[in-house]
Amino acid sequence: MPDNERSIKSEPLIDLLRELALDLRVTWNRYSDNIWRQIDSEVWMLTRNPWLMLQLASDKQLESMRADQSLRNWVEEQVTARRDALKSRGWFQKNYPTSSLKQVAYFSMEFGLSEALPIYSGGLGNVAGDQLKAGSDLGVPIIGVGLLYQQGYFRQAIDQNGYQRDLFPYNPPTWLPITAVRDADGELLRVELNFPDYKIYLRVWEVRVGRLRLYLLDSNDPSNMPMHRGITSELYGGGPELRLQQELVLGIGGWRLLRTLGYQPEVCHLNEGHAGFAVLERALAFMTDNGQHFEVALTATRPGNVFTTHTPVEAGFDRFSPDLMRLYLGWYATDKLGIRFRDLMALGRANPDDDAEQFNMAYLAIRGAGAVNGVSKLHGAVSRAIFQSLFPRWPVTEVPVGSVTNGVHTSSWDSEFADRLWSNACGQDRWMDTTEGTGDKIRALSDEAIWELRSENCHELVRFVRIRSQRQMASYGESKELIQNVNALFDQNALTIGFARRFASYKRPNLLLRDPERLARILKDFRHPVQLVIAGKAHPADEAGKEMIHEWIQFIRQPDIRRHAVFLVDYDMLLAERIVGGVDVWINTPRRPWEASGTSGMKILVNGGLNLSVLDGWWAEAYAPEVGWAIGDGKEHGDDPKWDAIEAEQLYTVLEQEVIAKFYRRDSDGVAREWIAMMRESMARLTPQFSANRTVREYTEKYYLPAAAAYRKREASHGALAREIERWRGAVAEHWGQVHFGPVQVETIGGVHRFRAQVYMGELSAEAVQVELYAEPLDGGPPLRQPMTRGESLLGILGGFAFNAAVPSSRPAVDYTPRIVPRKDDASTPLEAPQILWQR
């Protein structure tokens, strides 16, 4: 018997169960579900929390489980599979065994990993959670850093009058799949953080996410004053001061925690600007270790920081007043960083000289990062326009913001039936490496296999909707007659449309309800029945969002609508999983371009669902007529109510004339061949492309690997290259005002434009800049940047030179403009040197 098998045979069953329950991997692979279901099937259905199930198990149940040899064998099999998976080489280890990338620290205000750990509110958390899971699948060495909220995000109830009620239940840590982190002496680890005139202590919790670890900071420590114990009480609650406190805990406390645990990540990934203070603490750590001043330390660490923005409007960034910043960070600037408070504030201001301007966390993140990206191609373009003010006179196309389109962790969102179909077609390890070839395997599936998936998914959704509706109807006092009639709710053969998201004005959740009578006719058509599943929360402070929920509830409670539409209360990950697993069509109606990416529609792809959406976020790059439907014209119209009316009309028309018609168009055998063809192509083409598997591989190859290499180069020899770059930046800033153009001549000969420009550098070295010709992009391509070659010195003029360049005359000479930009090997322009001079 192998040693590992002998070892597992001798381990107590309860220890094996704890090992499984404390790894969130069990929440997406489903193989151990039956173990937890037998403890209490109803609680398991409601929570999907293996650790809680163990806490609820009685001594009698545990004794019965210990006596069950078949159960013991099953548990051993699952534990063995887990341990083998953790030891196996992932995609990253296979492809980059000698990489300088050893650790990525991933900071996020929220993580949506499982309903068992409710520390998320929506899209940002889902993205973070799905990327951690995919990182585990692929073996990318990521360490998560976040906060443990005692109440998490709020829970939703609907009262008898159809209004949302906000609930804030406490989440005891003992119920959550987390473990307290201890130091080498076995004492509970605590991170200290200085606030004005007092110190707070942060407890540390560890979450296992397959191969990876997530660390959560928690201010609910008995040593703290009551008001400070509540800093991490609630996600996105309170006012600006609480938000600033939370972001200091996340950024400064988070980096300090990594140092305490002995981690030395080359890359720090800031998932939104909330974690921007990690930039400062990382620089401080470099100062301490290498004896450098702040400017050099920031320059040394900058290329190792990656900033992802999820915000599509400039007003959405966190800002803090100068007075509040001075209260919490004035001493930190002077005593720790060794800089003036005004210099710290300049990092978060568009205009460093405006003492009244608030501190913008996104600006701090950009100025402290070596790479910046949006979360879809469209959002990348939107973000370049938002941040252009930080790079004055630079063309918007050259504002240094790229994009990595979000994706979802497919194994977390596929239904039981979809998992079986994909496993049979593509193998159980289909998401553990590149997804090459998966699309062709799905395209090879028969119509019967695809339609069977649709039927099984919808049957399960109808069953769930009835059970859930019965529970929630009873909770707000509906009559016994209505509750008993719940089995008449929905039909598994009817077209099922899903719509679930945060209820906010820009998402326009009531666009489908703009003409209630028309919608009612669509739902009640007995020849082509349609049923609607709706869910979503409004932020507790969003009265407009709450009113939109109330409108839907009032519509659905009409006697002739009840059988055809349902609002499922308390939208969370567990409910989302059920809905996306069974709907035929997913509707999304944001105002373009205010949906940075959107991931809800991605979650239905693996299950065969189709999208009907505005051309915004991810759908702007995913849409094609053979995989779904689109509304809108692909342009921005703000919050114009006239355009809302136009898109509502488009939505109804597409539903009536295209979606419903295609679903019920059957051949002589009664099969919806055209619908099945769209399902198949959507699954094959879009599921791999919009998976977190692709997203994490793209982050790794596009950002993490280059960032790690650049950081290692700059931090070597106590930051020698960083000192050199900082001297260059200083020289450029000091002498830029002396740089100017003289006369520029151009002649066209033999199909070539030949440019000659006189340039005066003053005291700035010609080696510190690049003189080039610039031409605007054509047909959506990149701009043309043609370096000009330095020629002879201008006689009698210190720092004067002639620069020459030749370009094809296929474009008019007037298309080209000479310009001067800072340039240095291993430096990033304009991120690190935003100066630019155009020839007038």
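Two strands are said to pair if DSSP finds at least two bridges between them. Helices (H or I, at least four residues) and strands (E, at least two) are DSSP runs, numbered from the N terminus. The model shown is predicted: local features need pLDDT of at least 70, side-chain atom pairs count only at pLDDT 80 or more, and totals for chains, interfaces and linings use all residues. Residues are numbered from 1 along each chain as its sequence is written, and side-chain values use heavy atoms, with hydrogens and water left out.

View 1. Strands of a sheet pair through backbone hydrogen bonds, either parallel or antiparallel. Here four strands form an open sheet in the order 21-22-26-25, and the pairing is antiparallel. Strand 21 and strand 25 (789–793) are the edge strands, each pairing on one side only. Direction ignored, neighbouring strands of this sheet are turned by 25° against each other on average; such angles are taken between axes, which are lines fitted to C-alpha atoms (for helices over the stretch in contact), and run from 0 to 180 degrees between N-to-C directions. Strand 25 is joined by three bridges to strand 26 (residues 800–808), and the two run antiparallel. Within strand 26, Phe-803 is the bridge partner of Arg-790.

**View 2. The hairpin of strands 21 and 22.** Strand 21 (residues 740–749) pairs with strand 22 (residues 752–760) in the antiparallel sense over eight bridges. Thr-748 has His-753 in strand 22 as its bridge partner. Two residues lie between the strands of this hairpin, and Gly-750 in the turn has a positive phi of about 60°.

View 3. Four strands in the order 24-23-27-28 form an open sheet with antiparallel pairing. Its edge strands, each pairing on one side only, are strand 24 (784–787) and strand 28 (837–838). Two bridges hold the antiparallel pairing of strand 27 (residues 817–822) with strand 28. The bridge partner of Arg-819 in strand 28 is Trp-838. Pro-830 is located in the loop between strand 27 and strand 28, and the peptide bond from Thr-829 to Pro-830 is cis, with omega near 10°.

**View 4. The crossing of helices 2 and 8.** The axes of helix 2 (residues 13–21) and helix 8 (residues 69–87) come within 10 Å and cross at roughly 45°. Helix 2 is therefore oblique to helix 8; angles under 35 degrees count as roughly parallel, over 145 as roughly antiparallel, 65 to 115 as roughly perpendicular and the rest as oblique. Among the residues of helix 2 that meet helix 8 are Leu-13, Leu-16 and Glu-19, and their counterparts in helix 8 include Arg-72, Val-75 and Arg-83; contact means heavy atoms within 4.5 Å.

View 5. Arg-203 forms a salt bridge with Asp-218, and the closest N and O atoms are 3.3 Å apart. Arg-203 belongs to strand 7 (residues 198–209) and Asp-218 to strand 8 (residues 212–218), 15 residues apart. A salt bridge is a side-chain nitrogen of Lys or Arg within 4 Å of a carboxyl oxygen of Asp or Glu.

**View 6. Backbone features in two loops.** Most residues other than glycine have a negative phi, and most peptide bonds are trans. Arg-508, although not a glycine, has a positive phi of about 50°. Arg-508 lies in the loop between strand 15 (495–500) and helix 24 (516–524). Arg-592 and Pro-593 are joined by a cis peptide bond, with omega about 5°. Pro-593 is found in the loop between strand 18 (585–588) and strand 19 (610–614).
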